[in-house]
Amino acid sequence: MIILYAGITLGGIGLLCGLLLAVASKYLTVEVDERIEQINELLPGANCGGCGYAGCGAYATAVVEGNAPVDACVVCGNEVIKKISELIGVKAQGKEHKVAKVLCFGTTECAKNRYIYEGICDCDAAARLGGGFKACAYGCLGLGNCAKICPFDAIAIEDGVANVNPDKCTGCGKCTAVCPKNVIVLIPKTAKYYVSCASKNKGAEMKDKCSSGCIGCKICEKNCSAGAILVENNLAEIDYDKCTNCGLCAEKCPKKIIRKGILG
Amino acid sequence: MLKDANIFVLAITAIFVENFVLVKFMGICPFLGVSKKTETAFGMGMAVIFVMTISSLATYLVYKYLLVTLGLEYLKTIAFILIIAAIVQLVEMFLQKITPALYSALGIYLPLITTNCAVLGAAILNIDNGFNLLQSVLFGCFSAVGFTLAIVLFAGVRERLETSDIPEFLQGTPIALVSAGLVAMAFLGFSGLSF
């Protein structure tokens with residue numbers, strides 16, 4: 001009997017509060033632009049912050065208010081952007097999709113270590129110990145800070161270096177910010193080839209430290225017919241505005257560190 | 001006994017001597033979450049004052065005239081939670097209508113007042129202290145004023161922290177917690193007051 005009373009009393013209070021709220025919501029409704037909700041549903045909802053806003057909801061509001069471009073979302077594809085632009089009535093310019101690449105292939109096999117690191121599994125911590133345990137100061141430490149932060153589960157550590165799965169990567173850029181070595185960069189999704197090394201070590205020095213490093217031999221620069229490769233500070237760099245994806249550089253590279261990218 | 005104290009003593013006790021945040025450690029979530037800017041901290045404080053005053057009134061009435069009458073005093077915690085949740089929802093709708101700017105500034109923390117233990121704490125302390133209706137409402141209101149005072153003071157501290165040179169490993173939450181502890185220690189000085 002007591003249980004019944006208790007249940008009825010609590011239920012009654014709940015019902016009363018509910019009724020009160022229902023009445024209040026009638027009088028206190030605020031007109032919200034329904035497009036915000038529609039756009040929010042189109043967006044991926046990962047709240048990665050790649051657009052520069054606090055989350056998908058904040059971005060949707062900014063788009064409707066005209067404060068943000070319709071194509072600022074780095075994650076969603078052109079189809080979604082098209083839908084959003086139709087909703088808003090603004091024409092979207094086709095945007096360049098980017099994808100993250102780890103510019104290091106210094107696997108446990110290729111790259112030498114300077115000391116044995118036995119600290120916590122965190123790149124930041126390792127990088128603080130004299131710049132990390134790898135002989136090459138530019139290489140990936142492979143402790144997976146990028147893999148931990150990736151909201152799309154696109155990064156895995158393989159053989160001691162991070163590897164981005166291009167199918168899952170959306171180019172939000174979170175990993176590039178968290179890497180203490182700055183060895184992850186965003187490259188255009190259309191790029192077929194990329195230089196998979198970030199070392200500015202001199203050639204001879206590099207050979208000693210890692211068998212998978214750019215030695216700055218300039219063979220790629222000399223062979224590139226489009227003039228898209230420049231070797232500066234002992235490191236080759238591809239200018240994707242000029243690159244024609246011919247693949248000659250990858251063929252000629254003696255260290256085979258110009259690799260095929262996503263499409264290749 | 002606190003229930004025999006006059007309004008002045010009640011106010012000093014609720015605001016300083018037994019400050020909800022800094023002495024009783026209730027309502028820490030909004031205290032740390034919304035204290036980055038003095039403005040939003042003040043807004044949050046106002047929302048809490050409003051909610052706590054109204055909820056003190058409502059919970060007292062429900063306890064006295066419903067639960068006591070039916071002999072269901074043991075249900076007070078769950079009943080209070082229900083009432084507070086409804087009141088917070090009401091305040092939220094109200095704010096969204098009247099001041100959208102404050103509404104968006106408070107963001108997620110407004111719904112979080114629902115689970116703010118300071119609000120529930122005030123309601124339960126009212127009962128435990130044996131307050132009458134007027135004392136309950138005043139105690140709720142003064143406690144919330146104490147909350148506002150603490151959060152606004154702390155927001156000022158955090159605004160200063162923004163521009164100071166803090167060692168990297170202490171930046172963000174760690175230094176906020178350390179300074180919260182220091183502010184709490186300062187408030188403990190009031191515990192020497194006796195009436």
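Predicted model: local features only at pLDDT ≥ 70, side-chain atom pairs only at ≥ 80, totals over all residues.
In general, side chains of opposite charge can pair when their charged atoms come close.

Over all chains, the structure holds five salt bridges. Among them are the following.

| Salt bridge | N to O distance |
|---|---|
| A:Asp208 and A:Lys112 | 3.7 Å |
| B:Lys76 and B:Asp128 | 3.8 Å |

The side chains of B:Lys76 and B:Asp128 form a salt bridge. This pair links distant parts of chain B, 52 residues apart: B:Lys76 belongs to helix H4 (residues 76–98), and B:Asp128 to helix H7 (residues 117–128). B:Lys76 counts as buried because its relative accessibility is 18%, under the 20% limit. B:Asp128 counts as exposed because its relative accessibility is 51%, over the 50% limit.

In chain A, a salt bridge joins A:Asp208 and A:Lys112. The two residues are 96 residues apart, with A:Asp208 in helix H8 (residues 203–209) and A:Lys112 in the loop between strand E1 (98–102) and helix H5 (123–128). A:Lys112 is partly exposed, at a relative accessible area of 46%.

### Chain A

Chain A contains ten helices and eight strands. Of its 264 residues, 42% count as buried. Among contacts between residues at least 6 apart in sequence, 56% join residues at least 24 apart. The chain exposes about 14,400 Å², of which carbon and sulfur atoms supply 54%.

A:Met1, A:Leu4, A:Tyr5 and A:Ile8 make a nonpolar surface patch of about 480 Å².

### Helices of chain B

Helix H3 (residues 38–70) of chain B includes B:Thr53, which is buried at a relative accessible area of 19%. Beyond its neighbours within four places in sequence, B:Thr53 contacts B:Val137 and B:Cys141. B:Val68 is also placed in helix H3 of chain B; its relative accessible area of 35% makes it partly exposed. With the same exclusion of sequence neighbours within four places, B:Val68 is in contact with B:Tyr63 and B:Glu73.

Helix H8 (residues 133–163) of chain B has 31 residues and spans 46 Å from first to last C-alpha, close to the expected 45 Å. At the start of this helix, a side-chain oxygen of B:Asn132 comes to within 3.2 Å of the backbone nitrogen of B:Leu134.

Methods: Residues numbered from 1 in each chain as written. Chains lettered and ligands numbered in written order. Heavy atoms only, no water. Patch = residues over 30% accessible without salt bridge, like charges linked within 9 Å, V, L, I, M, F, W, Y side chains within 5 Å. Areas by Shrake-Rupley, 256 points an atom, 1.4 Å probe, with all protein chains shown as cover. Salt bridge = Lys/Arg side-chain N within 4 Å of Asp/Glu carboxyl O. Helix = DSSP H or I, 4+ residues; strand = E, 2+ residues; numbered from the N terminus. Buried < 20%, exposed > 50% of the residue type's maximum accessible area, 1.4 Å probe, protein only. Contact = heavy atoms within 4.5 Å. Expected span 1.5 Å × (residues − 1). Polar contact = N/O pair within 3.5 Å; in protein donor to acceptor, adjacent residues only side chain to side chain.
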